[in-house]
Amino acid sequence: MFELIAAFVSVVLQGGGPAVPPTAGAAIAVGLAALGAGIAERGIGAAAVGATAEDDDMFGRGLILTVLPETLVILALVTIFVV
Amino acid sequence: MSTASSSSSSNYEYVTARVRSRKAKLFDEDDYRQLTRMGTGEIARFMEESEYEEEMNDLGARYSGVDLIEFALNRNRAKHFEDLLRWAEGPLYDYVARYLRRFDAWNVKTVIRGLSSEADREDIEADLVRTGEFSGSLTDRLLEAGSIEEVVEVLDHTAFGPALEDALDDYEESGQLVPIENAVDRAYYESLLENMPAETDRATSLYIEFLRAEIDFRNVRNALRLARSGASVDVGEYFIGGGRLFSAEEIDGLAGNTNELIARLRDSVYGERLAGPLDDLENAESLIGFERALEEVLLAYSNRLSQLYPLSVCPVFSYVLAKEREVRNVRAIARGREAGLDAEEIENELVVL
């Protein structure tokens, strides 16, 4: 494991450029944000489906609450334009 | 359904959302005030327009009056609790099933009592509450049993098996049902705290504490009842282990002396919450007020827990308690009206929060 890291580091250092190019960094940022949003939506979605099952009128409200964490991804998308 | 909960995680979000919605649909104080002023026919009509519509329509052709109300209540409760078991996954299922085993205990007792009073199969079946962990086929086999020995045999592999077998000898010697019913109750309460799953966060440990409190209260109630009735029964026989208030030896000494028991309760962890009811008990003659106060304390505490720990077993448990309260309240109203009690008297019997 450690040899692999050492080898990787030496390759990167010899290459001269940054280990993670800016666009790749931004991509990782967006991906992680999406993952976080997914985790948040898991619980909210489950609760929303439960509430809708009991009362049909909750569908609209449940839907809105479920996608609220999606704003995380939209905000993270800004990084794409910054780099 | 089996006790074995898989290693999957609990789906608290889903169950809590549904349970909260159902809890909001329970009768509130206003409904009770109306109900206490109605006759049995009116109560039945009121229930037809509420949560109980389906059950009332199903059973309306077969029963009438208070029986109709009572069977509809039982069936509705069974339906809701069955739903809980259907939804819950992982450790949550285990927590809920543990508590709902009380209906298994109830069913076993009903069958045994039915057999000893030589009731018809249909009559016994009507009184069963089909929820809890027993499967439909196990319950059917219970119903088909022709004697108490057969019932014990059928239950061999369940949690009640070992305790019942021990009690069977007692029963055969004395011919009384008490030892058997006692064994069923104790098996239930002892299985309540057995093998708690390893997932112990704050909310779960509070839940366990809650079950302990219930065992303690049950012991207190038994001791008080025995002390009041003046019967020379060995209280230790009725003692349920697992609580944190007494040991079997202690309760023996305390049961004979109500004042000492009250003093003991005052010094205990429950002292603060029970201060009011304890004062009443010291002055008043009847136990009914105190027993009702115990219920109220438990109910209020469970409501508080469900708000403090929204994603835990607490909201589910608080719903189970509230639903049971509702069923008991409506039943008390219907029976009270039938017996001709007036509204104030009935209202005194209700536990409303």
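**Salt bridges and a helix pair**

Over all chains, the structure holds 23 salt bridges. Keep in mind that this is a predicted model.

Start with a pair that crosses between chains. A:Glu54 and B:Arg18 meet through their side chains in a salt bridge, 2.9 Å from N to O. A:Glu54 sits in helix α2 of chain A, residues 22–54, and B:Arg18 in helix α1 of chain B, residues 12–24. Buried or exposed? A:Glu54 is buried, at 13% relative accessibility. B:Arg18 is buried too, at 11%.

Next, helix α5 of chain B. B:Asp83 and B:Arg86 form a salt bridge, 2.7 Å from N to O. They are 3 residues apart in that helix, so about one helical turn separates them. B:Asp83 is buried at 10%. B:Arg86 is exposed at 60%. Shared partners join A:Glu54, B:Arg18, B:Arg22, B:Lys25, B:Asp83 and B:Arg86 into one network of salt bridges.

Now B:Arg335 and B:Asp67. Their closest N and O atoms are 3.9 Å apart. B:Arg335 is partly exposed, at 31%. So is B:Asp67, at 39%.

Last, the packing of α2(B) on α18(B). The angle is about 20°, and the axes are 10 Å apart. That makes the two helices roughly parallel. The crossing is right-handed. From α2(B), B:Tyr32, B:Leu35 and B:Thr36 make the contact; α18(B) contributes residues including B:Val330 and B:Ile333. By class, the contact has 4 nonpolar, 2 polar and 2 charged residues.

Technical notes:
Residues numbered from 1 in each chain as written. Chains lettered and ligands numbered in written order. Predicted model: local features only at pLDDT ≥ 70, side-chain atom pairs only at ≥ 80, totals over all residues. Heavy atoms only, no water. Axes fitted to C-alpha atoms, helices over the stretch in contact; angles between N-to-C directions. Helix = DSSP H or I, 4+ residues; strand = E, 2+ residues; numbered from the N terminus. Parallel < 35°, antiparallel > 145°, perpendicular 65-115°, else oblique. Left-handed = near helix turned anticlockwise from the far one by under 90°. Contact = heavy atoms within 4.5 Å. Nonpolar A, V, L, I, M, F, W, Y, C, P; charged D, E, K, R; others polar. Salt bridge = Lys/Arg side-chain N within 4 Å of Asp/Glu carboxyl O. Buried < 20%, exposed > 50% of the residue type's maximum accessible area, 1.4 Å probe, protein only.
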